[in-house]
Amino acid sequence: MINISTKILQSFVVLVECKHFTNAAQKLCMSQSALSALIQKLERDVGVNLFVRNTRQVELSREGEHFYRIAIDCLHQQKTLLNNFFRNVQGTLGIIRMAVLPSIAASWLPTVVAQFKQEYPDIEIEIYDCLSDECLKLLQSGIVDFAIAAPRYINLQEFIGEIIYKDNYYVMCCVGHELSNKKIISYEDIQAFPLISLSQETSVRQFLDSEIIKEQLKASYVVRNVSTVAALVEKNLGISLLPGLACNLSKGRKIIKKVFIDTTLQREIQIIQLKSKQNQMPAASQKFISHFKKYLEQSNQ
């Protein structure tokens with residue numbers, strides 16, 4: 001196995017370009033004898049004469065011309081790989097993998113990603129839009145670097161979460177509904193109508209079930225997607241109790257968002273990382289999280 005150092009390849013290329021040992025040695029900041037020794041070693045290692053020498057200058061042999069192309073490719077590839085490595089370290093190149101709640105993926109995320117890509121066009125972004133439980137599973141398995149989710153509880157020994165937003169709950173009803181003219185909706189108001197609820201695998205339902213309202217609210221319809229909730233509400237088949245971000249997904253439908261009396265009902269949106277990899281977040285992901293938080297700060301001003 002031939003082992004040719006970068007130094008020898010660089011010396012060879014400079015000699016080819018200068019066509020003279022003295023000039024090449026000066027450019028490389030070494031003695032002519034040292035350069036001659038490097039080239040002799042290179043020719044011994046490859047087993048052929050790479051130069052045709054005369055008293056005035058050196059010219060490449062046929063084998064030397066072939067090796068010159070190889071040397072240029074090797075040096076270029078090495079430069080590219082090292083440059084990509086440093087760009088990954090600096091966070092201007094790489095892949096961001098995140099798991100995000102569907103309500104966030106369809107509301108905040110497109111704007112944040114568009115702004116981020118303008119500044120860092122060479123960074124790839126993989127988005128897994130899924131429910132909170134699945135977000136944590138993807139994080140736990142190492143498929144994603146971080147999650148933006150709203151789990152009711154997280155294992156503090158395994159995960160670390162930072163609350164970035166508190167999402168108030170609202171009552172959704174169709175235009176013309178009996179509740180549409182009320183400013184604030186009470187528990188008693190909700191109990192008087194069929195309730196359309198998300199399924200227990202969603203963070204929205206898990207949060208509601210963990211609160212005192214579990215015994216007060218009985219769902220008449222249970223569905224998995226917010227779009228289905230919105231469609232049923234629009235057809236006046238019932239009302240729904242949803243966090244604000246989920247409510248926003250029903251824009252364009254004949255639905256009204258009403259303030260709910262219990263302002264303590266808040267779904268906490270968190271940026272979640274694995275505790276064991278807290279200090280190993282890729283630089284590109286760190287930049288995206290900072291960008292995401294800055295967007296929220298500006299939006300809430």
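How much space lies in the largest cavity? About 70 Å³.

1. Basis. This is a predicted model, in which local features need pLDDT of at least 70 and side-chain atom pairs count only at pLDDT 80 or more, while totals for chains, interfaces and linings use all residues. Residues are numbered from 1 along each chain as its sequence is written, and side-chain values use heavy atoms, with hydrogens and water left out.

2. Cavity count. A cavity is a set of points, on a 1 Å grid over the protein atoms alone, where a 1.4 Å probe fits but cannot get out; lining residues have an atom within 4 Å of a point. Grid points are joined across faces, edges and corners, and a volume is the space filled by probe spheres set on the points.

3. Largest cavity. Its lining consists of Ala150, Pro151, Arg152, Ser203, Gln206, Phe207, Gln266, Arg267 and Glu268. At least two of the lining residues come from each of α9 (203–210) and β12; helices (H or I, at least four residues) and strands (E, at least two) are DSSP runs, numbered from the N terminus. The lining has three nonpolar, three polar and three charged residues, where Ala, Val, Leu, Ile, Met, Phe, Trp, Tyr, Cys and Pro count as nonpolar, Asp, Glu, Lys and Arg as charged, and the others, Gly among them, as polar.

4. Second largest cavity. The volume here is about 40 Å³. Met172, Val226, Val229, Ala230, Val233, Leu242, Ser250 and Ile255 line this cavity, and helix α10 (residues 226–234) gives the largest share, four residues. Seven of the lining residues are nonpolar, one is polar and none is charged.

5. Ser250. This residue sits in the loop between α11 (244–247) and β11 (255–260). Ser250 counts as buried because its relative accessibility is 8%, the limit being under 20% relative accessible area (1.4 Å probe, protein chains only). A polar atom of its side chain lies 2.6 Å from the backbone oxygen of Cys247. Leaving aside residues up to four places away in sequence, Ser250 touches Met172, Ala230 and Ile255 (heavy atoms within 4.5 Å).

6. Strand β5. In β5 (residues 146–149), Phe146 and Ile148 on one side and Ala147 and Ala149 on the other are all buried. Strand β3 (residues 94–100) pairs with β5 in the parallel sense over three bridges, pairing requiring at least two DSSP bridges. Ala99 stands opposite Ala147. Strand β12 (residues 266–274) pairs with β5 in the antiparallel sense, also over three bridges, and Gln270 is the bridge partner of Ala149.

Methods. Buried < 20%, exposed > 50% of the residue type's maximum accessible area, 1.4 Å probe, protein only. Polar contact = N/O pair within 3.5 Å; in protein donor to acceptor, adjacent residues only side chain to side chain. 1 Å grid on protein atoms, 1.4 Å probe; cavity = no way out; pocket = protein on both sides within 12 Å on 5 of 7 lines; lining within 4 Å.
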